[in-house]
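Colleague: Could you walk me through this one? I'd like to start with the backbone and then look at pockets and packing.

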Amino acid sequence: MAKMNRKIGEWKGGKFVREDDGESELMCLTLHQPLASLMAYGLKRVEGRVWSSDYTGPLWIHAAAKEVSPEEIAEIEAFYTEVFQRDTLSDSRPKFPAHYPTSCLVGRVKVAAVVPKEEFERHETMPPSALLENEANGSDYFFLCESAERLVLPFQMGGQHKLWKLDKKTADAAKKGLRASEQMPIHFLRYMTDPAPRSPPADSDVSTPEQQMLEAAIAFSLEEQRQPTDARKTETETATTTTHNIQT
């Protein structure tokens, strides 16, 4: 049995704050089946919790001990078939696990972010498949998971509540059995970046009252400078006309 008594952080105000000990690749989260295996197979990408965390990075997925009924499996597989078809814009079915083992390590994902539900919903540019996952999730906070990998041979072991840490030897051995299994690739942070602020107008597009007064003064001065020139031009034209009349 792997050791699971290391301190990895503490709870502050309902939020888990991790200690940066350089062992983030050991972090693990336990889920009930069939959700644990569906996450390892790259079909479940949004995991809801009532607590928040500042953790991002690799996250091992562990299946809890509770057995799951065939009826529940069929219902949840039907839902993720709809999610998959909405993502791929096709009528094809995703690849589901042949079985859903319990009390074991089943795979690993990467946590891109942990966000409140209302923040996730604010980003309306999310793919329709991700928004559908949100609709079925009633939790307060979302773990946004990417880059799924499944274990070819699940590791039998017990789990813990909330975030916990694997024994390093167990994690090192499990890495050798990981296989890429992402069926609906997504990069959540691309959709969660706020739009760039609008650039301020160029100086030439905006005039303050002081600038308007200055521009009016310059225009008046230029007009005054043009007056003598125009007057001389008129006098010259008159004199030329008079001379022409006399010669005629």
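Colleague: Is Leu-89 buried or exposed?

Modeller: Keep in mind that this is a predicted model, where local features need pLDDT of at least 70, side-chain atom pairs count only at pLDDT 80 or more, and totals for chains, interfaces and linings use all residues. Residues are numbered from 1 along each chain as its sequence is written, and side-chain values use heavy atoms, with hydrogens and water left out. Buried means under 20% relative accessible area, exposed over 50%, and partly exposed in between (1.4 Å probe, protein chains only). Leu-89 has a relative accessible area of 76%, so Leu-89 is exposed.

Colleague: What is the phi of Leu-89, roughly?

Modeller: Most residues other than glycine have a negative phi. Leu-89 is in the loop between H2 and strand E7 (104–116), with helices (H or I, at least four residues) and strands (E, at least two) being DSSP runs numbered from the N terminus. Leu-89 is not a glycine, yet its phi is positive, at about 55 degrees.

Colleague: And which element holds Ser-147?

Modeller: Ser-147 also isn't a glycine, and has a positive phi of about 50 degrees. Its relative accessibility is 34%, so Ser-147 counts as partly exposed. The element holding Ser-147 is strand E8.

Colleague: What is the omega of the peptide bond from Gln-33 to Pro-34?

Modeller: Most peptide bonds are trans. Pro-34 sits in the loop between E3 and helix H1 (35–40). The bond from Gln-33 to Pro-34 is cis, with omega near 5 degrees.

Colleague: How much space lies in the largest pocket?

Modeller: On a 1 Å grid over the protein atoms alone, a pocket is an open set of points where a 1.4 Å probe fits, with protein on both sides within 12 Å along at least five of seven lines; lining residues have an atom within 4 Å of a point. The lining has 16 residues, with Thr-30, Leu-31, His-32, Arg-49 and Ala-64 nearest the centre. Strand E3 (27–31), strand E4 (46–49) and helix H2 (70–88) each give two or more residues to that lining. The space comes to about 310 Å³.

Colleague: How many disulfides are there?

Modeller: A disulfide here is a pair of cysteine sulfur atoms within 2.5 Å. Cys-28 is buried, at 0% relative accessible area, and Cys-145 counts as buried at 4%. Over the whole structure, the search finds 0.

Key: Grid points are joined across faces, edges and corners, and a volume is the space filled by probe spheres set on the points.
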